[in-house]
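This report describes a two-part subject in plain terms. Please keep the sequence and the structure in view while reading.

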Amino acid sequence: MSKNGLAIEIEDLWFSIEGRVILKDINLKIRKGDFLGIIGPNGGGKTTLLKIMLGLLKPQRGTIRILGDNPQKVSHRLGYVPQDTDFNRRFPISVMEMVLMGRMFHSRLGRRYKRDDRLKVEKILKQTGIWNLRDMPLGKLSGGQRQRAFIARALVSDPEILFLDEPTSHTDLDFEMGLYEILNEFNKRMTIVIITHDIGVISSYVKSVACLNRELIYHSHKEITKEMMEMAYRCPVELVAHGIPHRVLKSHRKD
Amino acid sequence: MWEALHYEFLRNAIFCGILVGVICAVVGTLVVVNRVVFLCGGIAHAAYGGIGIAIYLGISPYIGATIFTLIMAIVMGVISLKNRERSDTIIGVIWALGMALGILFVDLSPGYQKDLMAYLFGSILSISINDLFFISIVTALIILTVSIFYKEFLAMSFDEEFCKVIGLPVTSFYLILMVMISLSVVILIKMVGLILIIALLSIPPYISERFTTSISKMMILSAILSIIFILVGLWISYRVDISASATIILVAGTGFLLTLIIERSRLQFKW
């Protein structure tokens, strides 16, 4: 437990690739138990920021603390659902085998998975509604089912923070609603950080919103401001306001 | 055909074929699912550099090849981990440089080198008892390593990024894979020659991948297929009196084509 109860602390963080600035002066503090939605245009640095938080990339400047520590030190306490779950479709692996990977850290090197690991996987597969698919080859699953399998893999390690990178990009609306219900349930136990395009759905489930387009604007309550939209999209945006389902905000002018 | 078994060299060749079939299946499966077939080709050809240097120094070419491929494999492994986007180019460069180095050192060596073709195209019919002993040890080591660390190799092969997040020493396992590849390459140079190695490492796992749902089953089916290809190839080459290594590769290639044709017609006629 970090002493101040913060899940994520980022201060003055910069990241660039070959001289091109991807992230500029990012500051962000997220409490434990939060449900943060990160929105922003493609190429705005969302996935990069996520990878920095997971310890996969190192920033050139600034400090980042996850659960009060260096991301690489605590990354085994984090859950991660990648953006692209469509890779390796021909890889011969069953749903069960793939989800068991999430127990890797709890299991010793060179040892088989134990009964406890399998029971944990069974529980999570039932919660995510894909227990009946456990023996199916992963490649035969639909987009939504695959996505659930990857979420299950992230959840079986009992993560303290769950990161999801656009989990609804290959799926249908039914799956989305179901997904957010599941996440809401898990949010009682863990902090959740989700990257999404889905502004409409996000505003009904998340607790706070950040908008990232090289720079980051953060609101500790679930409000998507006009400022965010302008920074994020710089083009006409149709925004369905939360609570008023059919009101579309006026487009702002291109600059 | 049984009278052939009276010849010791044929018995050795058959025994060697079975062991190599197992090596190709286990290592080849990891090679195919990790998508490092091209890297294997690079290691195999760069090995010629080691052979050339060994001939020049007057030591055993296979010892030279072993040391050199181990170094090259680790160099290529590190490069391909660090720089995924251009790793194919760098592997291609090392591939050619290794061969060039080999040719140069052989040129510099005194005397006429009559056995060079054996390294390029293998000489399964000249496998000795000592070779068999070495091959058996390597086979045992590879099976042991992969069965102990099966779940780690599976996870690394499927999703490297996820493994990094959960703290699996991905680089170490990747380098262990590189070591297993280089040992297999040296054995395969002896058997089918460095030019034909990629075929034996990739064809059986490629076919098996289509009919299996886990990499352990893929390894078992690949082993059965490799052994069939090798023994059928050996038998044909003995009957018709043609080059054993080329025949083995052509038998494997025929299996590969048949799989593609069967798969196409399955899609076309939906059976």
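## A helix in chain B

Helix 9 of chain B covers residues 170-191, and at 1.5 Å a residue its 22 residues should span 32 Å; the C-alpha atoms at its ends lie 31 Å apart, which agrees. Most of helix 9 of chain B is covered, since 16 of its 22 residues are buried. After helix 9 of chain B comes Gly193(B), which has a positive phi, near 90°.

## Confidence in the model

The model is predicted. Its scores are ipTM 0.84 and pTM 0.87. Chain B has an average pLDDT of 91, and 98% of its residues score at least 70. For chain A the mean pLDDT is 82, with 82% of the residues at 70 or more.

Where pLDDT is low, the predicted coordinates should not be read in detail.

## Chain A as a whole

Chain A contains 8 helices and 9 strands. It has 255 residues, of which 40% count as buried. Among contacts in chain A with a separation of 6 or more, 64% are between residues 24 or more positions apart.

## The sheet of chain A

In chain A, 6 strands make up an open sheet with mixed pairing, in the order 5-6-7-3-8-9. Strand 5 and strand 9 (215-219) of chain A are the edge strands, each pairing on one side only. On average, neighbouring strands of this sheet are turned by 15° against each other, direction ignored.

Strand 6 (residues 161-165) and strand 7 (residues 191-195) of chain A run parallel and are joined by 5 bridges. Here Leu162(A) stands opposite Ile192(A) of strand 7 of chain A.

## Strand 3 of chain A

Which strands does strand 3 of chain A run parallel to? One is strand 7 of chain A, joined to strand 3 of chain A by 4 bridges, with Ile38(A) opposite Ile195(A). Another is strand 8 of chain A, also joined to strand 3 of chain A by 4 bridges, with Ile39(A) opposite Cys211(A).

In a regular strand the side chains alternate between the two faces of the sheet. Strand 3 of chain A is covered on both faces: Phe35(A), Gly37(A) and Ile39(A) are buried on one side, and Leu36(A) and Ile38(A) on the other. In total, 5 of the 5 residues of strand 3 of chain A are buried.

## Helices across the sheet

Helix 1 (residues 46-53) of chain A lies across strand 3 (35-39), strand 6, strand 7 and strand 8 (208-213) of chain A, and runs at about 155° to strand 6 of chain A. Helix 5 (residues 143-155) of chain A lies across strand 5 and strand 6 of chain A; its direction is at about 170° to strand 5 of chain A.

## Where the chains meet

How many residues does the contact take from chain A and from chain B? Chain A gives 23 residues and chain B gives 20 residues. On the side of chain A that touches chain B, the elements that give two or more residues are strand 5 (78-81) and helix 3 (95-100) of chain A. The residues on this side of chain A are 15 nonpolar, 6 polar and 2 charged.

Note on methods: Residues numbered from 1 in each chain as written. Chains lettered and ligands numbered in written order. Predicted model: local features only at pLDDT ≥ 70, side-chain atom pairs only at ≥ 80, totals over all residues. Expected span 1.5 Å × (residues − 1). Buried ≥ 20, exposed ≤ 12 C-beta atoms within 10 Å, placed from the backbone. Contact = placed C-beta atoms within 7 Å. Nonpolar A, V, L, I, M, F, W, Y, C, P; charged D, E, K, R; others polar. pLDDT = per-residue confidence, 0-100. Pairing = 2+ DSSP bridges. Axes fitted to C-alpha atoms, helices over the stretch in contact; angles between N-to-C directions.
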